[in-house]
Amino acid sequence: MSEARAAKIGFVTVSDRASQGEYEDLGGPAMKEWIQSALTSPWEAYSHVIADDQALIETTLKKLSDKIGCDLILTTGGTGPAKRDVTPEATSAVCDKILDGFAEQMRAVSLQYVPTAILSRQIAGTRGHSLIINLPGKPSAIAECLEAVFPAVPYCIDLIEGAYLETDESVCKAFRPKHAKKPAQG
């Protein structure tokens, strides 16, 4: 029996200023740090810092899903109501299925901290064997949202035939139905 393959995780920071070097990317490192603390199974990171441009966001998401084969793609930034905020539109355009429960849960949790969470438009969906989740831009909000939705992420990735993710239960307890079995290692 061999070890499970390492999950491929894409991290995409969507920010005009960060992509031009005018602003330090805090969101990308915050996403990676949270995943590092939560996952006990092996994983590889694929990181991008790109401008708020719908075509560029779509191209990046497609590359991470279709060419690199990421099991999970996390984005930060571009989810507000400003004119240049187009991450949800780009995500929707490339997804096969939208998973509304992720967005509902993230907004519900964020509303406990700030009333402006109702302005957040982040979504989640699947493209092939990839789960794509839009996260807010603020590092503390990234952690709050991941804590809220990540218990469902490993099983969702099982269902779309991605890598098997195991979590550190002291950080995040993944939920899988009793009938769900760990796949045989080949």
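The lining of the second largest pocket divides by class into four nonpolar, seven polar and six charged residues, where Ala, Val, Leu, Ile, Met, Phe, Trp, Tyr, Cys and Pro count as nonpolar, Asp, Glu, Lys and Arg as charged, and the others, Gly among them, as polar. This is a predicted model, in which local features need pLDDT of at least 70 and side-chain atom pairs count only at pLDDT 80 or more, while totals for chains, interfaces and linings use all residues. Residues are numbered from 1 along each chain as its sequence is written, and side-chain values use heavy atoms, with hydrogens and water left out.

The volume of the second largest pocket is about 290 Å³, and that of the largest pocket is about 350 Å³; a volume is the space filled by probe spheres set on the points, which are joined across faces, edges and corners.

Around the largest pocket there are 19 lining residues, with Val114, Pro136, Gly137, Lys138 and Ala141 nearest its centre. Helix α6 supplies the largest share of this lining, three residues.

Helices (H or I, at least four residues) and strands (E, at least two) are DSSP runs, numbered from the N terminus. Helix α6 (residues 139-149) packs against helix α2 (residues 27-38) at an angle of about 35°, with the axes 9 Å apart; axes are lines fitted to C-alpha atoms, for helices over the stretch in contact, and angles run from 0 to 180 degrees between N-to-C directions. Gly27, Ala30, Met31 and Trp34 of α2 meet Pro139, Ile142, Ala143, Leu146 and Glu147 of α6, contact meaning heavy atoms within 4.5 Å.

Six strands form an open sheet of mixed pairing, in the order β2-β1-β3-β6-β5-β4, and two strands pair if DSSP finds at least two bridges between them. Because β2 (43-50) and β4 (97-98) stand at the edges with a single partner strand each, one side of each is left without a neighbour in the sheet. Strands β1 and β2 run parallel and are joined by eight bridges.

Definitions and conventions:
On a 1 Å grid over the protein atoms alone, a cavity is a set of points where a 1.4 Å probe fits but cannot get out, and a pocket is an open set with protein on both sides within 12 Å along at least five of seven lines; lining residues have an atom within 4 Å of a point.
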